[in-house]
Amino acid sequence: MNIKSQKDFFSGLFYTVAGAAFAIGATNYNVGTGARMGPGYFPLLLGILLALIGAFVMFKSLTVETQDGDKIGAWAWKPLFYIIAGNVLFGILLGGLPNLGVPAMGLIAAIFGTTLVVSLAGETFKLKEVLILATVLSIGCYGAFVMLLKLQFPVWPTFITG
């Protein structure tokens with residue numbers, strides 16, 4: 001077996017493993033039928049679809065020749081750190097840490113904080129653009145999750161809303 005594109009092969013492998021894991025995990029829920037779908041139906045189909053896409057990408061990496069073999073580069077530690085830190089910060093800001101006395105700051109603060117931290121992962125950082133993006137994301141998320149879906153979670157910090 002000759003891998004002609006390492007990037008495609010390992011990304012396809014990751015997709016296949018992740019999709020299979022989600023599909024297997026979805027079988028713990030009631031799957032139901034196509035006419036009467038259970039809570040496991042949609043994740044099962046998405047997992048299977050992701051695994052099939054990954055298998056296709058892996059197959060393609062073994063058959064299609066690339067110029068230099070698309071070698072895998074070094075780990076991008078800076079973007080990896082900032083993206084993971086942004087996700088952790090979102091959870092902390094949205095729900096707080098009651099054990100440590102950190103109050104819930106709400107959806108808007110969580111989106112602004114996450115957008116600011118994750119934007120540090122890129123090559124350039126322009127505060128004005130990041131603040132515009134965070135504002136647009138906040139308005140969109142408020143409209144989608146609070147107004148349309150009527151989800152119940154804190155939108156503003158507890159010291160503002162009481």
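Author: In this predicted model, helix H1 (residues 6-26) and helix H2 (residues 41-63) pack with their axes 7 Å apart, at an angle of about 160°.

Reader: What makes H1 roughly antiparallel to H2?

Author: Angles over 145 degrees count as roughly antiparallel, and H1 and H2 pack at about 160°, so H1 is roughly antiparallel to H2. The crossing of these two helices is left-handed, and the residues of their contact divide into 18 nonpolar, seven polar and one charged.

Reader: Which residues of H2 are buried, and what do the buried residues pack against?

Author: Leu44, Gly47, Ala51, Gly54, Val57, Met58 and Ser61 of H2 are buried, and the buried residues of this helix pack against H1.

Reader: How do you know that the span of H2 is close to the expected one?

Author: H2 has 23 residues and reaches 33 Å from its first C-alpha to its last, which is set against the 33 Å expected at 1.5 Å a residue.

Reader: What makes H3 roughly antiparallel to H4?

Author: The axes of H3 and H4 come within 8 Å and cross at roughly 165°; since the cut-off for roughly antiparallel is over 145 degrees, H3 is therefore roughly antiparallel to H4. The crossing in which H3 passes H4 is right-handed. Among the residues that meet there are Tyr82, Leu89 and Phe90 in H3, and Leu107, Ile111 and Val118 in H4, and the contact as a whole divides into 13 nonpolar, four polar and no charged residues.

Reader: Why is Pro103 called partly exposed?

Author: Pro103, found in the loop between helix H3 (77-95) and helix H4 (106-119), has a relative accessibility of 38%; buried means under 20% and exposed over 50%, with partly exposed in between, so Pro103 counts as partly exposed.

Reader: Which residues is Pro103 in contact with, leaving aside its neighbours within four places in sequence?

Author: Pro103 is in contact with Gly96 and Thr158, and the C-alpha atoms of Pro103 and Phe159, 56 residues apart along the chain, are separated by 8.5 Å.

Definitions and conventions:
Residues numbered from 1 in each chain as written. Predicted model: local features only at pLDDT ≥ 70, side-chain atom pairs only at ≥ 80, totals over all residues. Heavy atoms only, no water. Axes fitted to C-alpha atoms, helices over the stretch in contact; angles between N-to-C directions. Helix = DSSP H or I, 4+ residues; strand = E, 2+ residues; numbered from the N terminus. Parallel < 35°, antiparallel > 145°, perpendicular 65-115°, else oblique. Left-handed = near helix turned anticlockwise from the far one by under 90°. Nonpolar A, V, L, I, M, F, W, Y, C, P; charged D, E, K, R; others polar. Expected span 1.5 Å × (residues − 1). Buried < 20%, exposed > 50% of the residue type's maximum accessible area, 1.4 Å probe, protein only. Contact = heavy atoms within 4.5 Å.
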